[in-house]
Amino acid sequence: MEWLTEKDHQLNAADQQQAVHLLAFLGSGAEQPAEYEMVLPKVLCGMPLETPIARDIILGDQERQQAEALLQAVLEHWPPLNSSSITALRETFCKDRGCCSIATDNGYCR
């Protein structure tokens, strides 16, 4: 996953699509969630909400393994969750209901 360089801090359109899918996988474990489930990943990746998500993107084995390793590291370094599973982490913290609001030129989530 070499999407960014030190000089380039923005993703190109194809990598942005891939990043949105990866964030959605981190949060839910789903590889091709519905468009309406991609709002927060779009915001976090700087993608306009009206931009459609490519449905043909498949995460590679390495991407899935690195995502799972990241979540496992969160569990190992957060003492109250040491004995929890990745599924429990996703269900408890990543799938929490929230609301995204758009304010003029800037968006914010609460």
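Which pattern does the chain follow when read along the sequence? Here are my notes, starting with that one.

1. **Overall layout.** The chain follows the pattern α-α-α-α-β-β, made up of four helices and two strands. Helices (H or I, at least four residues) and strands (E, at least two) are DSSP runs, numbered from the N terminus. Please keep in mind that this is a predicted model, where local features need pLDDT of at least 70, side-chain atom pairs count only at pLDDT 80 or more, and totals for chains, interfaces and linings use all residues. Residues are numbered from 1 along each chain as its sequence is written, and side-chain values use heavy atoms, with hydrogens and water left out.

2. Of the 110 residues, 27% count as buried. Buried means under 20% relative accessible area, exposed over 50%, and partly exposed in between (1.4 Å probe, protein chains only). Among contacts (heavy atoms within 4.5 Å) with a separation of 6 or more, 46% join residues 24 or more positions apart.

3. **Helix H4.** The buried residues of H4 (residues 86–94) are Ile-86, Leu-89 and Arg-90. They cover an arc of only 95° around the axis, so they sit on the same side of H4; the arc is that of the directions from the helix axis to the C-beta atoms. Their cover includes helix H1 (13–28) and helix H3 (61–77).

4. **Arg-90 and Glu-68.** These two side chains meet in a salt bridge at 3.2 Å, N to O. The pair links distant parts of the chain, with Arg-90 in H4 and Glu-68 in H3, 22 residues apart. Arg-90 counts as buried because its relative accessibility is 8%, whereas Glu-68, at 26%, is partly exposed. A salt bridge here is a side-chain nitrogen of Lys or Arg within 4 Å of a carboxyl oxygen of Asp or Glu, and the whole structure holds four of them.

5. **The Asp-61 network.** Glu-31, Asp-61 and Arg-64 are linked in a network of salt bridges. Within it, the closest N and O atoms of Arg-64 and Asp-61 are 2.2 Å apart. Because Arg-64 and Asp-61 are three residues apart in H3, about one helical turn separates them.

6. **Around Gln-17.** Gln-17 lies in H1 and is buried, with a relative accessible area of 11%. Its side chain reaches the backbone nitrogen of Ala-54 at 2.7 Å. Not counting residues up to four places away in sequence, Gln-17 touches Met-47, Thr-51, Pro-52, Ile-53, Ala-54 and Ile-57. Thr-51, in the loop between H2 and H3, has its C-alpha atom 9.7 Å from that of Gln-17. Under the same exclusion of residues up to four places away, Thr-51 touches Gln-17, Glu-35 and Lys-42. Lys-42 and Glu-35 in turn form a salt bridge at 2.6 Å, N to O; Lys-42 is buried at 3% relative accessibility.

7. **Helix H2.** Pro-41 is found in H2 and is buried, with a relative accessible area of 9%. The C-alpha atoms of Pro-41 and Val-20 are separated by 5.1 Å, although the two residues are 21 apart along the chain.

How values were computed: A polar contact is a pair of N or O atoms within 3.5 Å; within protein, one must be able to donate a hydrogen and the other to accept it, and residues adjacent in sequence count only if both atoms are side-chain atoms.
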